[in-house]
Each structure stands twice: as C-alpha cells, then as structure tokens.
There are 2 protein chains.
Amino acid sequence: MTGSPKPAVCVLGTGLIGGSVLRAAAAAGYEAFGYNRSEVGAKSARMDGYDVTSEVEAVLGRAAARDALIVVGVPMPALDAVLSDVKTFAPGCVLTDVVSVKAPVAAAVQRHELSAKYVGGHPMAGTSESGWAASSPDLFKNAAWAVSVDPGVHADHFRRVAQLALDCGAVVVPVLAVEHDRAVARISHLPHVLAEALAIEGSNGGPLALCLAAGSFRDGTRVAATAPELVRAICEPNAAALLDVLDDTLEVLTQARDSLRAHGTLTELTEAGHDARVEFDDNERWQITDVRPGDHNWLTKLIDAGRSGGVISSLD
Amino acid sequence: MTGSPKPAVCVLGTGLIGGSVLRAAAAAGYEAFGYNRSEVGAKSARMDGYDVTSEVEAVLGRAAARDALIVVGVPMPALDAVLSDVKTFAPGCVLTDVVSVKAPVAAAVQRHELSAKYVGGHPMAGTSESGWAASSPDLFKNAAWAVSVDPGVHADHFRRVAQLALDCGAVVVPVLAVEHDRAVARISHLPHVLAEALAIEGSNGGPLALCLAAGSFRDGTRVAATAPELVRAICEPNAAALLDVLDDTLEVLTQARDSLRAHGTLTELTEAGHDARVEFDDNERWQITDVRPGDHNWLTKLIDAGRSGGVISSLD
C-alpha cells in the first residue's frame with residue numbers, strides 16, 4: 001500500500017475494537033499495520049492477511065518513520081505500558097485511542113507528556129465477543145464515533161482522527177472528555193451493570209426460570225456474556241460518573257418498588273420508560289455542516305453541536 | 001375445516017398473543033375461530049381470512065356446539081368480563097388462557113366456577129408490538145409454553161391444551177401456577193422494569209447520550225417500547241412475586257454500587273453476572289419421556305420434571 005494517498009495508521013492492540021479499526025482502515029486504503037502484545041494474537045491477524053507484529057519497538061519505529069496516526073486499542077489496564085512505549089519510540093506521531101472512557105485516558109496521556117498531539121476517540125460499537133477473531137471491518141458502519149474537542153486539541157490532528165472514523169464508516173460526535181464519560185455511564189456502562197443483575201436474578205430462579213426465559217431476558221442479559229475483566233476495564237475507570245448514574249437508577253427502581261408495594265401500580269415507571277424509549281427511537285442525528293475545524297471558535301461550536309445531537313459525516 | 005380430525009379452537013381476544021394462537025392453530029389444521037371485543041380488530045382478522053367476530057354470544061354458542069377448546073387471550077383487566085360470558089354461554093368447554101400470570105387467572109376462573117375444565121397456559125413469546133397486525137403463526141416456534149399441572153387438572157384437559165401448544169410449534173413446560181409466577185417475575189417482568197429504568201437514565205443524558213447509544217442500550221431498552229398499559233397488565237397482577245425479585249435486585253445493585261464506591265471494583269457483580277449468563281446459554285431443555293398424563297402420580301412427576309428444566313415435545 002506504499003504510495004497510498006492516505007496516511008499510515010498504526011493500531012496498538014488488535015482485539016475486537018483495535019482489530020476492527022485495522023481491518024476497516026486497510027479496507028479504506030490506508031497503509032494499516034498493527035501491534036499485539038501476544039504473538040498468538042498477532043499471528044491470527046497475519047494469517048488473515050494483516051500486517052501485525054508482537055514487536056512493539058519495531059512497530060513504533062515504523063510508525064515514526066511513516067508519520068502514522070497511532071490508534072491505541074488496548075484495555076485500560078494496559079494503557080500506561082503502551083503510552084510509555086509510544087513516548088519512547090514515536091513521540092512525534094499524532095495519537096488517538098479507542099478506549100471506552102476518555103478523561104482517564106487523557107490524564108494518562110498527560111502523565112506521559114503526549115498531550116500535544118493527542119485527540120481522544122471512542123467508537124460506539126461492540127459485541128459481547130472479544131479478540132481479533134470477533135473483529136470486523138464493518139463494525140463501525142453507521143456507528144457514532146466520539147472524538148474529543150477538549151481545549152488544546154489541534155485542528156489538523158482532529159481532522160486526521162475524524163477522517164479515520166469517517167473512513168471506517170462511522171459518523172463523528174464531537175464531545176468533551178468529561179461529558180462523554182457521563183454520557184457513556186448512562187448508555188453503555190449502566191446497560192452492562194443492569195444486564196449482570198438481570199442475569200443473576202434469572203439464574204437464581206433455577207432451571208425452570210431459565211427454561212421459560214425468552215426474548216426480553218435474552219436481550220436484557222446479552223452484554224453479560226462479555227468477559228468480566230473487560231466489563232471491569234470498561235466500567236471501573238469511569239467510577240465517578242457511573243456511581244452518579246447508579247444512584248439515580250437505584251432511586252428510580254426504589255420508587256417503582258414502593259409504588260408497586262403501596263399502590264399496586266407501575267404507572268409512573270412504565271410511562272416515563274416508554275416515553276424515553278420513544279425519544280431514543282425518534283432521536284435523529286443531524287449533520288453539523290457550518291463548522292470547519294480550525295475556524296474561529298471551532299472547538300466551542302463543535303462542543304455545542306455535539307451536545308445537542310449533531311454529528312459530522314463529512315470533512316469536505 | 002369442518003370434518004377436521006383436530007378439535008375446534010375458539011380464541012377470545014385476537015391481539016398479539018391470541019391472534020398468533022388463532023393463526024398457528026388454523027395453520028395446524030384446527031377449526032379455529034375467534035372473538036375480538038373491538039369490531040375494528042375483528043375486521044382486520046377477517047380481512048386476513050380468519051374467522052373472527054365481535055359477537056361474544058355467537059362465538060361462545062358456536063364454541064359450545066363444537067365442544068371447542070376455549071383460549072382466553074385478553075389482557076388481565078378484561079379477564080372477568082370474558083369469564084363471565086364463558087360461564088353464561090359455554091360453561092362446558094375445556095378452558096385455557098395465554099395470559100402472563102397464572103395464579104390470579106386461576107383465582108378468577110375459580111370465582112366464575114369454571115375450574116373443573118380449566119388448565120392454565122402461558123406461551124413465552126412476544127414482541128414489543130401489539131395487536132392483530134403484529135400477530136404471526138410462527139410466534140411460538142420453539143418457544144416454551146407453560147401449562148398448569150396444579151392439583152385438580154384433568155389429564156384429558158391437560159392433553160388437549162398441551163397438544164395445541166405443540167401444534168403451534170412450542171414445547172410444553174409443566175408448572176405449578178405459583179412457581180410459574182415466581183419464575184416469570186424474574187425472567188419476564190424484571191426485564192420490563194429494568195428496561196424502563198435504563199431508558200429513563202439514557203434519556204436523562206439528553207441528545208448527546210442518545211446519539212452515542214448503541215447496541216447495549218438498544219437491546220437493554222427494547223421492551224420499554226411496549227405500551228405502558230400492557231406492561232402494567234403483565235406486571236401488576238404479579239406484584240407479590242415481582243416485589244420479592246425487585247427487593248433482591250435492589251440489593252444486588254446496591255452492593256455493586258457500594259463495592260464500586262468503596263473499592264473501585266465490580267468484580268463480584270461481573271463474575272456472578274457472567275456465570276449466570278453462561279448458565280442461561282448452556283441451559284438445555286431435556287425431554288420428559290417417561291410420564292404420561294393420567295398415569296399414577298403424573299401431576300407430581302411433571303411438576304418435578306418441569307422444575308428441573310424438562311419439557312414435553314410430544315404426547316405420543
């Protein structure tokens with residue numbers, strides 16, 4: 001792919017998300033190469049025809065030489081080690097990540113003095129499977145891909161990260177790290193917690209309950225099939241935001257329980273829940289077309305637009 | 001269909017579940033006819049070629065004349081009126097129902113002095129849509145269909161109800177009404193309550209959160225799209241069992257919240273939830289082959305078998 005008009009992309013960590021970025025970037029014509037800590041994982045990717053190594057110094061040397069966009073796709077617990085290597089071997093590359101939580105990643109990037117060329121990212125896609133074998137070049141088609149518009153983000157770096165997201169088939173949601181983390185506590189981390197609780201309650205009903213379980217239980221517990229250590233790696237770094245949402249949720253459920261006990265009714269819960277789900281179904285992404293990265297006040301304008309549901313679907 | 005070797009089936013209430021029973025029974029070769037309180041609903045069914053009227057006296061007179069199996073498919077709030085009509089116009093027919101909760105239906109049947117020929121039923125299938133338009137002859141394919149084995153159930157009546165379930169494509173789960181109600185509180189009613197709460201929490205995150213929401217939120221809130229009055233009609237009559245499960249769930253979630261707050265970890269929740277979901281995925285129905293309805297102690301044997309995950313997939 002040398003000579004491609006698209007810049008190089010170096011993906012560090014080729015599990016479900018990183019692996020899917022590598023596949024999608026390659027499919028979009030990027031010079032895409034990657035690193036996986038485990039040689040077994042790297043070999044799986046090579047067997048599928050992808051350029052993946054388990055030699056971190058070599059891959060980062062190549063990234064530096066090719067001025068590649070580096071995409072960090074390792075789980076949160078492995079982040080520090082990877083950032084340390086980036087700082088050592090490719091400190092001049094533009095850097096993004098596809099880790100679930102944004103403020104803690106930004107803080108780690110700051111600790112490693114890599115903030116100048118960093119733009120946080122988070123594609124909102126996944127499955128309950130994990131690893132390279134579960135990755136797909138189509139995972140991000142029509143997905144939302146959060147891209148940081150925090151103070152200090154450089155327009156050129158933003159463009160490069162956003163263009164990768166668009167080339168992977170996603171739309172870009174511009175968002176502040178802290179607001180992203182509060183939002184995903186609600187729509188990604190809480191679903192995990194509730195799915196685990198529901199699975200536990202079903203299992204406590206024994207074989208009869210599991211035998212009678214149908215679609216609502218299956219769908220409601222789907223993400224409980226995710227490996228526990230991955231769920232923890234996603235949720236625990238966002239503890240502060242998740243605790244706020246869990247407090248809210250406990251209040252909503254306690255009120256519903258009390259209403260059912262005292263008055264035999266779930267009216268308030270079911271009406272509010274139905275309205276909320278209809279709002280989700282009716283929620284339409286609108287296109288942000290009047291802000292160009294680098295324009296006067298572009299960061300503030302994109303923050304406002306993202307906050308009210310706007311997305312970027314083209315940078316032209 | 002006159003002259004069919006299969007007996008007649010009369011479905012009272014042709015919404016999603018009753019309508020699907022009517023379609024499936026007709027497809028299986030039964031003389032299947034039905035009643036819907038609203039003439040608009042009855043007409044929709046007739047337009048699709050089904051034999052449905054809004055004249056309750058006429059349909060029950062026909063049921064009595066044809067010795068039809070009567071299937072009550074109305075929501076819980078409409079149950080008393082329909083049972084009153086059955087008592088008046090067709091008291092000699094074998095009677096079953098496809099209402100979600102079993103002990104309250106059995107109590108209503110008792111009040112109307114229809115217990116002698118009653119066998120409760122509950123097919124575990126549905127969608128978030130409702131009404132005749134959403135009904136399908138394939139809704140029950142491979143579904144579990146709970147059939148009552150409470151004291152007093154007559155073997156011939158059990159066979160007739162179980163055979164209808166099998167002919168609709170389901171497998172039969174023999175169960176006591178009270179144990180059924182406890183089980184569905186866990187695997188059907190709790191999923192509704194959690195879906196409503198999750199939808200509310202997502203919506204409270206505003207357009208940004210809804211814009212970022214992906215598969216886990218979509219799946220976790222799917223059943224919140226169900227009409228609130230239907231969710232109430234399903235859950236509220238099972239308040240006692242649902243309250244027990246809600247208390248348990250609040251305890252599980254509170255412990256998870258406290259663990260996250262005090263120790264920054266969700267280890268216990270995620271491991272128990274994952275184990276539970278794996279147990280659900282691995283749970284295999286086993287065939288009950290050694291109990292024939294009417295044999296010595298057949299009710300007790302079927303209760304035990306159903307309790308440990310056994311199903312009936314043939315009555316031959």
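Two strands count as paired if DSSP finds at least two bridges between them, and strands (E, at least two residues) and helices (H or I, at least four residues) are DSSP runs numbered from the N terminus. This is a predicted model, in which local features need pLDDT of at least 70, side-chain atom pairs count only at pLDDT 80 or more, and totals for chains, interfaces and linings use all residues. Residues are numbered from 1 along each chain as its sequence is written, chains are lettered from A in the order in which they are written, and side-chain values use heavy atoms, without hydrogens and water.

In chain B, three strands make an open sheet with mixed pairing, in the order β6-β7-β8. Strands β6 (121-123) and β8 (171-175) of chain B each have a single partner strand, so one side of each has no neighbour in the sheet. From one strand to the next the twist averages 20°. Strand β7 (residues 144-148) of chain B runs parallel to β8(B), and five bridges join them. B:Ser148 has B:Val175 in β8(B) as its bridge partner.

Helix α7 (residues 177-203) of chain B packs on this sheet and touches β6, β7 and β8 of chain B; contact means heavy atoms within 4.5 Å. The direction of α7 makes about 110° with that of β8(B), where angles run from 0 to 180 degrees between N-to-C directions and axes are lines fitted to C-alpha atoms, for helices over the stretch in contact.

Elsewhere in chain B, helix α3 (residues 56-66) packs against helix α4 (residues 79-89) at about 50°, with the axes 9 Å apart. B:Val56, B:Glu57, B:Leu60 and B:Ala64 of α3(B) meet B:Asp85, B:Val86 and B:Phe89 of α4(B).
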